[in-house]
Amino acid sequence: MRFNETLEDHMSSVENYLMDIHGVAVDYDPMGLDEYWIDDKVVTINDTRQKQEQLFVLLHEAGHVILRESPDFEKMCPHARNSKIEVLKEEIFAWEEARKLASMLGIDLGEDWDRHVRHAITKYVRWTQI
Ligand SMILES: [Zn+2]
């Protein structure tokens, strides 16, 4: 676990990137869902969790922003609204975009990242099987 100060610096870097490059704001709220609201250009983050988890979630939602802005999105995840497998693909791609963004911003993801990503993807895999 790293110091909250560093984590807050990293979160600021991601927030600045989202606003400067994509015009997307970040809203922290104890009732917030961890989600990218594409029509409102807002990412909401539930801020009742530990800072490190909030950073990971923020990076992941930024990954969704990057994917949705990509001209290739429809080819990468065709019919994402109608297919659980396409939703799962987008989730996995968003984690990879998150990793690349962290690297670009000089954010050291630390040793908990891999476990967090596996856990998040596992939940989605289970959901596709319902
Ligand atoms: Zn997601």
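Not one of the 16 residues of helix H5 counts as buried, so helix H5 is hardly covered, given that a buried residue needs 20 or more other C-beta atoms within 10 Å of its own. This comes from a predicted model. Helix H5 covers residues 113-128. From its first C-alpha to its last it reaches 23 Å, close to the 22 Å expected at 1.5 Å a residue.

Helix H5 has a partner in helix H4, residues 84-104. The two axes come within 9 Å and cross at roughly 175°. Because angles over 145 degrees count as roughly antiparallel, H4 is roughly antiparallel to H5. On the H4 side, the contact is made by Lys84, Ile85, Leu88, Glu91, Ile92 and Trp95. On the H5 side, Val117, Ile121, Tyr124, Val125, Trp127 and Thr128 take part. Sorted by class, this contact has nine nonpolar, one polar and two charged residues. As background, residues three or four places apart point the same way, because an α-helix has 3.6 residues a turn.

A second pairing involves helix H1 (residues 4-22) and helix H2 (residues 51-69). Their axes lie 10 Å apart, and the helices pack at an angle of about 15°. That angle makes H1 roughly parallel to H2, because the limit for this label is under 35 degrees. The crossing of H1 past H2 is left-handed. From H1, the residues in contact include Leu7, Met11, Val14 and Leu18. They belong to a contact whose H2 members include Leu55, Leu58, Leu59 and Val65. By class, the contact of H1 with H2 has 10 nonpolar, five polar and three charged residues.

Notes. Residues are numbered from 1 along each chain as its sequence is written. This is a predicted model: local features need pLDDT of at least 70, side-chain atom pairs count only at pLDDT 80 or more; totals for chains, interfaces and linings use all residues. Helices (H or I, at least four residues) and strands (E, at least two) are DSSP runs, numbered from the N terminus. The expected span of a helix is 1.5 Å times one less than its number of residues. A residue is buried if 20 or more other C-beta atoms lie within 10 Å of its own, exposed if 12 or fewer, and partly exposed in between; C-beta atoms are placed from the backbone. Axes are lines fitted to C-alpha atoms, for helices over the stretch in contact, and angles run from 0 to 180 degrees between N-to-C directions. Angles under 35 degrees count as roughly parallel, over 145 as roughly antiparallel, 65 to 115 as roughly perpendicular and the rest as oblique. A crossing is left-handed if the near helix is turned anticlockwise from the far one by less than a right angle, and right-handed if clockwise. Two residues are in contact if their C-beta atoms, placed from the backbone, lie within 7 Å. Ala, Val, Leu, Ile, Met, Phe, Trp, Tyr, Cys and Pro count as nonpolar, Asp, Glu, Lys and Arg as charged, and the others, Gly among them, as polar.
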